[in-house]
Each structure stands twice: as C-alpha cells, then as structure tokens.
Amino acid sequence: MDQSDGSQGGHANVHNDKFNSSSYSKNDILEQKFDSEDDAHAFYNAYVKEMGFSIRKDRLKVNEANVPRKRKWVCSKQGQRAQKHLNRGYGDVGFTLKDLQNKIEVERRVELKDGDAEGALGYLSARANADPFFFFKYTVDEENRLGKLFWADSKSRMDYAAFGDVLIFDTTYRTNAYKKPFVILASVSNHFLTTIFGCALLVDETFATYTWVLETLMEAMDNKRPVSVLTDGDRAMRQAIQKVIPDCRHRLCSWHLSRNAVTNIHKPEFQKDFKRCMQMDCEIDEFENVWDQVVKRYNIEQKPWVLEAYSKRSLWAQAYLRGYMFAGASSTQRVEGMNAYFNKFLKQRLRLFEFMVHYDRALGRIRNREAKAEELVQAGKYIVEKTVVIEGIDHHKYYLSKYGSPEKTWTVDYHPAENRMMCSCLKFESFSVPCCHMICVMKLNHLLCIPQNCVLQRWARQHRPNHQVHCHSKIDTILTQTARYGILSSLFNEVSYYASNVDLDFKEAREVAVQFLWRLKKRQAMTKEDNPNSVQGNTKTKLVGIGDPNIVKTKGNPREGTLLWANPKGQGNAEAIPIDHHPKIEARSLAISMAVEGAVHGSYEVNITKKTIVKATEPLPEPHILTLSNLDLLSGRFPVTYFYFYRNNPLVASFTSVIDTLKSSLSKTLTHFYPFSSRIVQNQSTSEPEIVCDNTGALFVEAHSNIALKELDFYNLNQSLEGKLVSINSDYPLQIQVTCYTCGGLSITFTFDHALGDASAFSKFLITWSEIAMAKTISCIPDHRRYLRARVPPSFDPWVDQAFVSCTLEEIAKIPMPKISLKRLYYIDASSINKLQRLACMDGSKRTKIEAFSAYIWKVMVRAIDESHPKCKMGWLVDGRTRMCKDPDTMSNYIGNVLSLAFGEASKAELETGGLTAIAKICHDAISKVTNRARFLDLIDWIECQRPGLMLSRVVLGRAGPALVVSSGRRFPVAELDFGFGSPALGTLCSTIQRIGVGYVNQRPSARGDGSWTVSLIIWPELAAALESDSDRVFQPMTSDHLQL
C-alpha cells in the first residue's frame, strides 16, 4: 500500500470509528490521497484490522523540503525488515546491557530512597491497607534499626484457622543481604499440599527470639494453639515451644536425626536400623527391645550421641508418638522443600524491600497449586457423592491379623448406630486417615461411605471456606485514653474534695496516692523495657527514622571458630543488649529481661534482669597504655570463668543488699586493680593486644533462676552452666554474673580475659575483693608493671622450638577436635588423694600430690586411646613466680601471666605395665625441667623472636597425639571467698574455650576444707567412662547431695 501525491482518487474519511469496506472498491483503496501520513496510517490500519491482519511501515520518500511524499505499508509478516533496522553489531545497539543495569538501579534507588527498612515496612503497610486482615509486627534495636519482623496475610490466617492443628517450624539462611535467618511457619492442607501460615526475619536464633516468633504467631492467629509441632533439633526452638505452647506435642525431624546418625556413628548399616527404630509402629516395650539389640549389635551403648538420642526418644520414636496427630508429617522436609523453592526467588543479595516483593511472587506461585487442587475438588472429581444410612444398635468388635502372622492382631470397634469406628493401631489418631484395618471392616460391612468419625474435618473439601478470620474491633488508642482520663479525673476530684476536709483523711489519701503512683510508674517502666520498641501490626502511623538492620551472624552461616576473644582488627561485638554506662555505680541501671538458652530437667531458665557497668570510684593513674609482656602474649586472649555457689544465708536481708555490697566493694577493688577496669584493644602498628587503662569498667550482670540450687546438674557442666551462668562480651575484660535461685542461694561467676593475668593474678583480685567487702585490711598491693621482657640480644635453647610453635588464626581454626566434647565436674576424697601419694612414694622418693594424681590419670588414660597411637603425652601448667627470683616473695603480687608448660611423653606399654611409682617419676622429671629461671628466660626470648603473632604449645594444638594438660589450683581461694554472706559450697573453673586440641584437667581444694578436691575436666567420652568405671573409684561425680545443698 502506497500513499503518494498523485491527483487521482478521493479523500478518505479517517475519522470514522468503524471502517466499512463495502463502500470502497479495490481501486479506491489503492488510489487514496491523504493530507498527512498519520491520516494514511489510520485509514489503512482500520482497513487491515477489518480484513484480519496487521501492517507495518516500510519505505518512505520525502521531497526537497524533507516533507514525506510517499509512504509504503506492508503486511507485518512480509519478508524481512530492512537491514538498517536489524542489529549489525554490539556498537550499533542503542540500549546496552549497562544501560539496562543503570535503568534498573535508578528505579531501585527511587524505591529505597527512604531506606531499605522503611521501604519494606512501607510495602507491608500498603499490603495492610489493601488487605484488612493482613498482620505484621516488628521490633527495633537500641540504634533504632529494624530487628525482628513477622507478617501473615489474610489467606495465611484463614489457612491457620483451618489447618493450624499441626505446625511445621523451620529456619533457612542466605535469603537476604542482611543474612537474617528466615523462618517459615507451615502445615499440611486438606489437599495434602504445603500451606504457609506466616514467616519472620530474625536477628538471631536464641530462645528469646524464637519465643517472640511464637508469641507473635499466637497473637496473629487469635491465640489458637496447635496440637502438635514439628521442628529440627534446635535447642532454643525447643525451649521456646515449651514456654509458649507447652501443651502441644513436639516431634523432632526424622531427616535431621538420620543425618546426625551418619555424622556421629560411622557405621553405614546403623542408619538403616536407626530409621527402622524411628518408624516402628509398635508398642513401647517392643521398641525398647529392638533399640537395645541395635545398640549392642554395633557396640555403641556408651556413645554420647546414642545416649542423647535415646534420652529424647519420646520426641522421635513412632512408638511414643502413636495416637498424636501430625497430619502424616514426620520431618521438616516439607518446609525444606519449600525453602528450596523460595531460594529460586530469594537470593543473598536481596535488600529487604526486594525480598518482600520476591517472596510474594514465590508465594503466589505456590498457592496456584492449591487453587488448582481446589478447582478439581469443586468440579467433583474423585468424590463419592452417594451416601447410605446405617441402621442398627449393636457394637461389633473385629479381630484382624496379618496373613501368616497370627500372633500380631489388631482390634477394630464398630458402632453402626453411631456410625463410629476405632482401631487399636491408632493410625487414624496419628495420621487422621482411616487405616487398612478400618477399610477391611468397611468392606466386610458393605459400607458405601466412610463413617463420620473417620473423616477429620481438616481433610474435608469444604473445610477452608467455613473458617473466616475474625478481626477484633479496636477502639482508637487515643480516644480510649482520653475517656479513661476523664473518668479518673472526675473520680479523683471528688476524692480530693472529701479528703481535704480532715487532716487524718488527707494524710491517708496522700499516702495511698503516693504508693499507688509509684507502683503505676514502675509497672509502665517495666512494660516499656520488656518491649521497648515493638510496633503492632496494621499500624497507620508513618514509619519514620527506622534504620536498616545490621548484618547478623547465624547458625546456618557460622563464623569460623577461633581461640581468641577479639577480632584481630578489634572489631565485632556479639552483644546487642543495652547497658548503663554511668561512671557511678549508684546511678540507674537499664533493666532488661532476657531468657538464656539451655535446659536442665527440661525447665531450667535463667532470666537476666539487669546489666550495669561498675567503675573504680577512687582516683586512678592518668589514662595510659599497659603493654603486655612476652608471657602475656603466650597465654593469648580467651575467657577464663570461675563458678562459686553459695547456700541461702538467713541472716542476709535480701538479694538487693547482696548486689549493693558486691557492687560497692567491686568499685573499690578496681581502684587497686585498675587494669581489670580497662579495655583491651589491638595495636594497629604492632598487631598485638594492649591494655588501655581508661576506667572503662567491669560488666556486672544480675539474674534470677527458676529452680533451686540443689536442682542444678553439677556433674554435667555442658548442660547446666554454659549459656546460663556465663555472659561473654569481649568489650569487657572482667565480667561478673550474680544469679539468685528460688531457694535463696546464689551463684557468682567471674569471667576474666586471660591477657589480664593467670590464676595467681585472679586469685589476688578475688581475695582483695572479699577483704574489702568484709571491711578487712587488704593483704595484696598489686604490681602492674609487666616487666618480663627479653634479654638483649635474645637467646634460647632449642628445646623451646620443640615445645612451642608460632601459628595463625587459620591454623587454630583447623585444630582437630574429633572427640573432646565433655565437660565434667568430680570430687575426690582426701583418703583417695593420700592413697595415691603413698603408692607414688613406695620407692622411698618424695612425690607431691599433683604428681601422684597425674600419674593415676595418665595410667587410666591409656584405656581410652585406640591402638593407632603408640604414645601419649601429659602436660602441666607451671607458675614461674617463685622460680624467676631468688626471693620467692619478690613476684608474689605480680599481676600478669607467668606461666610455662612442661610436658612428658610415655609409650602405652610403659603406662600399662608400670606402677604408679614409676609413672610418678616420669611426671616429676618432666615438671622439674622447667622449674628454673633459665627455662623461663629462654621462653621469653623465644617469644621475642616470634613477635608479632600467636604462640602456642604444640601439645595444645593437638599436634602431638592424645594428651592431657593438668592445671593445679591448690592455692586458689575457695572457702576464703566470703563477701559477707558466708563461704561458698563450691568453687571451680570451667573453661569456655571453643577450640582446644587436648584434654584439660583443673584441680582445686574443696570448700569443705577437709583435704578433698574438686576436679573440673574437658575430656573425650572414652576417658570419662574409663575414669568413672575404674575399680578404685577415685573420681566421684559432683552432686548436690555431696555439696549438702
């Protein structure tokens, strides 16, 4: 079709809405003349539209004035476009990939101009405006950054109302740029498809956070509680479930358990048998018999993982879970599969706003499957519509057995009149689906429909539409407060009138009013602190000033473990809890409430109620830098924690008075031990830590436990102490936690940074603190000079290179830790200690109790070592204060590290055949080698040649095969540590080092003062079993009865 400037033809009416082809002949169409190209295009476009095809522009001719003279239109399918319109190379493309990326980034910045967090919350607010039943809730931290976030739309809330009897709870990672753990709360719908109830982005994976998630879920779902919950083995998640929904039945994921079985028990066939035990649908007695046979067959009765799994069998064994409704789910793989699906849409680079959009897109596709299944049901497929009425009054009982196995029987009770059926296999109660035994009875009775009680409504096709989300009407908060204010004002005006007439009435009214006002202020202050920045969902308030969240560290994306507390660059702080930094201890302290992870007897909790910074109040030296000595650098930076437990003292007024005494005396003690109130930072020029003496203060934590002291598991330190009574914050080299128990007893934990000093230095600090608390004259004037420096020029014996090594953080992270996992606490009677010493001295030599004790452990240790190790080693930490100077009192008050390590080596044959006397001699000779001034000077000079860097014993790195390191605390104060409320019942050490390549033994005197010992160990399970099963019964597990609690 051509438009030209020819004189033939008439003008077409291009303004008609519809083109009438009957009024034009073929020649008329081809010979039209138009006033403009647009008119021509409109005419021909209308024509071809009626004819059923489309056109595109082709050649164009113009006159000398560049005015279009001739235009050609062709069918849009004709041939190929002109070459000039086709891509002839990358350089000819007008809109490149970079242009596209820039365009997307510009639009992205427009969307996030108010900040990522505010953009995400704005998106959720818009969802709430469009969906009246949309729910979301969030918190912010002390920096006003977005913390936890939960949301659920009306479809999720409706699904929960229908299918919320079963809850599947799982966490996934790497879904957003802030590395926030992403929690999906899901279940099984009536089509046996996965349905989503809601989701949350978290700041961490602690007990407190999971508790918030579950409480928020209950709030969003009108407090309807699930019947059963399915999770992985996360302890914090398990504890949160016990607190928020204690009546529900909890089940552990079978897939996670199977994977753990492979990881912990290196026997390929065991996994199959373990799965069989998990899935056995039988009586409990039968399960117990099969379990005993399995663990004995593989000789794994004493494996820690096996013992732990067996203790939790009620959470994973089908024999214990029969009769409990889980909708056929036994693992979180349904949610894991959902996570895999979401991960196609949710990437680690996504900001929060983008995360929300992509999540909704993915959720829409998932719900499309549900809609398709719903459509099939509504269409009537697979549904038996014909029903019959069963008449009769009898109760029929059927006994069924499997063909060929008459000993195995099931009983089915059928009540025709009530149209009700039950089976002894309990499959219906577990899966909510009739079992094969019921089906057999139905066939026998020629039933055409399933009895009513055998059809759980959650599986019914019409179940969801009958459930609607009820939104409680809420009066505007401001109007409610105004109304209350008016009512109270009127009432109290009347009270004021009558009370002011009589002086006695006035005084009584004033007293009551003052007390009542104080209680109200305190109650509202506690409410704000418990939930300082929580915002209710569906808020209409403008979201202003909420910052983007910090990048978090998760269990799913762990940081590589290191031996050091601090980041090498001095960065990082795991704590995000508000702390009062006022210089005076009398100043207010910010109260917080936080549940700490862990469990003893399933209900042990410690609630931290207050954190305070305690500083020295007396005049101190001018702020200065205290350079660490060479032996300080050898010890390195890691936390050392001491536990002390005190019985209830009826003479003590209250827990508050104890706290006040400890704080005030601590403040005075820090005046003498000012480095303990300082900061430890990394020197950027030397890459070594140093102490900044600026009175930063010590962290003082107050807490309450929900159990009595005697209920603590003193033997198993892994379960009862760590994570409960230890608060580690690398910003504070000294941290104290005082915990009050329901019996009135106390525990005090002291955590020191090892760079401050060794056990001798810490003992001086604690003794001074107790002396000040008791108003006694202090016995120690501390020496903080740190003068242990290298000689000029440095020189050392080759033995140092054989015993110590310079290493990196990467090497520390690779320390082998295949078995060392148990932390145990024992006591040894004085009679046993004396007996060991007598046996060690039978050749007439004089051996110390530590040497005899070490010889006994070394001999027992052989039984816990496999044959691949022909030799094993023993190490001893040696204090050099009395060895460095001729006068033993010269360094008695030196505050710092003066430790070296002695070690001895022996073959398994020597230890197995040798008596205690011979082994004690090996111990004595090894220790004697380093108990002289020359050895310590060699070590100091060697460190000087290795600086800067990390220096450790080769034994500690696990490079010398199986080894134990013994640390004697026989001079460490225990009974002497009285702060005014009595001597402790127990004092011990528990290391919180995360990576250690050897076993560790610490001995210290019992608080009884009768010559007995308390021994803390970090050992592998085989050694614990060997010590406890030894016929001499030297090691006795620590109990509350022994402590007389």
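The model is a predicted one, in which local features need pLDDT of at least 70 and side-chain atom pairs count only at pLDDT 80 or more, while totals for chains, interfaces and linings use all residues. Residues are numbered from 1 along each chain as its sequence is written, and side-chain values use heavy atoms, with hydrogens and water left out.

Strand β6 covers residues 166-172. Strands (E, at least two residues) and helices (H or I, at least four) are DSSP runs, numbered from the N terminus. Seven of the seven residues of β6 are buried, so this strand is largely enclosed by the rest of the structure. Buried means under 20% relative accessible area, with a 1.4 Å probe and protein chains only. V166, I168, D170 and T172 point one way from β6. L167, F169 and T171 point the other way.

Strands of a sheet pair through backbone hydrogen bonds, either parallel or antiparallel. Here, pairing requires at least two DSSP bridges between two strands. β6 pairs with β9 (residues 228-231) in the parallel sense, over three bridges. With β7 (residues 182-188), β6 pairs in the antiparallel sense over five bridges. I184 in β7 is the bridge partner of D170.

These strands belong to an open sheet of seven, ordered β4-β5-β8-β7-β6-β9-β10, with mixed pairing. β4 (135-140) and β10 (249-252) stand at the edges. Each has a single partner strand, so one side of each is left without a neighbour in the sheet. The twist averages 20° from one strand to the next. β9 and β10 run parallel and are joined by four bridges. L230 has R251 in β10 as its bridge partner. Helix α7 (residues 235-244) packs on the sheet and touches β6, β9 and β10. Its direction makes about 170° with that of β9.

A helix pair was also examined. The axes of α20 (residues 655-672) and α22 (residues 759-773) come within 9 Å and cross at roughly 125°. Axes are lines fitted to C-alpha atoms, for helices over the stretch in contact, and angles run from 0 to 180 degrees between N-to-C directions. The contact (heavy atoms within 4.5 Å) involves T661, L662, S665, L666, K668, T669, L670 and H672 of α20. From α22 come F765, T768, W769, I772 and A773. The residues of this contact divide into seven nonpolar, five polar and one charged.

How values were computed. Nonpolar A, V, L, I, M, F, W, Y, C, P; charged D, E, K, R; others polar. Buried < 20%, exposed > 50% of the residue type's maximum accessible area, 1.4 Å probe, protein only.
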